[in-house]
Amino acid sequence: MSNGSGSGPITEALRRSGAVVIFLFKLLWQCIPSLARPRLIVMQIYNAGARSLIIIMLSGFFVGAVLALQGYTLLQRFGSEEALGTAAALGLLRELGPVVTALLFAGRAGTALTSEIGLMRATDQLTAMEIMAVNPMRYVAAPRFLGGVIAMPLLAGVFNLVGLFGAQAIGVWQMGVDKGSFWSQMQSAVDFRDTWEGISKSLVFGVTCSLIAVHEGYNSEPTAAGVGLATTRTVVASSVLILLLDYILTAAFLD
Amino acid sequence: MRAHRTIEIGTGLFVLLGFAALVFLTTQLPSSGLKLGGPKAGYHVTAEFDNIGDLKTGSPVTMAGVRVGEVESIRFDPQSYKAVVGLRIDPQYNQIPEDSFAAIQTQGLLGGKYIGISPGGTDTYLKDGSHIDQTQSAIVLESLINKFFANYASSNPGSGSGSGSSSGKSGDSQEEPKK
């Protein structure tokens, strides 16, 4: 908007993605000294992770339950209801766990990060820090970024675990699949690679979501409307990027 | 100070819960993963099969449908060209006759493979290091279909009339009695 050279939507998109990448490197550089203040990071893990726990567990339970419900009706046609455990575990571990957790994280924690930092910008708190020779990248942005990156895989793990018990609740207690074969077929079919795929996906999503949230807040217009716009952009950009990256990562893990 | 304490406790709980979930998912869920609690108790026996199908380590070993142990190891013996399967039987099932019969069976139509043991008749029992001599391989569906078509072709009066050893008893009368 501000740069005068006739910037079409394409150059604007290029500029923005370039700015995000540069911001990432600045942020990573400031992450090292911010490790000296673990209390700030703990605070952010609490904000991003511990306070998202209830919504993650609730959603995990119902995603697992609906997976079992759909899987059961589908597998019943082929007379192999016992494979329900396998279907639910692979679906949760590889796809639904990391993706749904990341989408919820973008909505629950990402927006909070963006609006918080955006308001700091709008009320000149970040400028005040700079005047006091306190680097706001180090003391505001980096701990929030690290907190999000650490919290995401842990949230995805909890989501998967609760989801498995949700699938068991529907599959075993309601639909009457044998509990022993539900778990034993799941154990024989799930490979270490599947778990690893889920964890690495959630790590990538954690970096993406936190980066976008912190970047949008840090560079928002210092007005009420600007903070609102930045928050909206956080959710939209995070969600689209999560789904795009999910496709790429799934393809990369296939062979 | 008070607020800091609650935040630290909350974070600690969250991190602990998250790591517990990850540890469970990486170690307990995959059969190839590390098992907590060290090696399980029980005694070990081996059995050789011509073909194990898609039997995996961790597949159940059952007697009369009840789980009594699990498949511990699978390796290929280059001398006999057979698969050597190591089984771990739970310690309370220590009265399985030595001449028992081990067969690889399938759970349902598309289910996983497991080993079913049918008891033999001797008074000596399987113990650690024993070997099960009588085995039956996994049934491969394609070879079964091939066999069926071969039999069908040979018993068909039109094509293979001369060599119907199995269908010889009913060979004189035509197709009606078979159906």
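In this predicted model, the axes of helix α1 (residues 9–34) of chain A and α8(A) come within 10 Å and cross at roughly 100°. Axes are lines fitted to C-alpha atoms, for helices over the stretch in contact, and angles run from 0 to 180 degrees between N-to-C directions. Therefore α1(A) and α8(A) are roughly perpendicular to each other, a label for angles of 65 to 115 degrees. On the α1(A) side, the contact is made by A:Val20, A:Phe23, A:Leu24 and A:Leu27. From α8(A) come A:Leu211, A:Val214 and A:His215. Two residues are in contact if their C-beta atoms, placed from the backbone, lie within 7 Å. By class, this contact has six nonpolar, one polar and no charged residues. Ala, Val, Leu, Ile, Met, Phe, Trp, Tyr, Cys and Pro count as nonpolar, Asp, Glu, Lys and Arg as charged, and the others, Gly among them, as polar.

Residues are numbered from 1 along each chain as its sequence is written, while chains are lettered from A and ligands numbered from 1 in the order in which they are written. Because the model is predicted, local features need pLDDT of at least 70 and side-chain atom pairs count only at pLDDT 80 or more, whereas totals for chains, interfaces and linings use all residues. Helices (H or I, at least four residues) and strands (E, at least two) are DSSP runs, numbered from the N terminus.

The contact between the chains takes 33 residues from chain A and 31 residues from chain B. On chain A, α2 (38–48), α4 (84–122), α6 (136–174), α7 (179–189) and α8 (192–218) each supply at least two residues of the side that touches chain B. That side has 19 nonpolar, 12 polar and two charged residues.

Chain B holds an open sheet of eight strands with mixed pairing, in the order β7-β1-β4-β3-β2-β6-β5-β8. Two strands pair if DSSP finds at least two bridges between them. The edge strands, β7 (131–132) and β8 (134–136) of chain B, each pair on one side only. Strand β5 (residues 101–106) of chain B pairs with β8(B) in the parallel sense over three bridges. Here B:Ala103 stands opposite B:Gln136.

Strand β4 (residues 82–89) of chain B has two neighbours described here. With strand β1 (residues 43–49) of chain B, β4(B) runs antiparallel, joined by seven bridges. B:Ala47 stands opposite B:Val85 in this pair. Strand β3 (residues 66–77) of chain B pairs with β4(B) in the antiparallel sense over eight bridges. B:Val85 is also the bridge partner of B:Ile74, and B:Ser73 stands opposite B:Gly86. The two strands β3(B) and β4(B) form a hairpin with four residues between them. B:Tyr81 in that turn has a positive phi of about 55°. The covered face of β4(B) carries B:Ala83, B:Val85, B:Leu87 and B:Ile89. Its uncovered face carries B:Lys82, B:Val84, B:Gly86 and B:Arg88.

Strand β2 (residues 60–63) of chain B pairs with β3(B) in the antiparallel sense over four bridges. B:Thr62 stands opposite B:Arg67. Two residues separate β2(B) and β3(B) in their hairpin, and B:Ala64 in the turn has a positive phi of about 55°.

Helix α2 (residues 141–155) of chain B is hardly covered, with one buried residue among its 15 residues. A residue is buried if 20 or more other C-beta atoms lie within 10 Å of its own.

Note on methods. Buried ≥ 20, exposed ≤ 12 C-beta atoms within 10 Å, placed from the backbone. Parallel < 35°, antiparallel > 145°, perpendicular 65-115°, else oblique.
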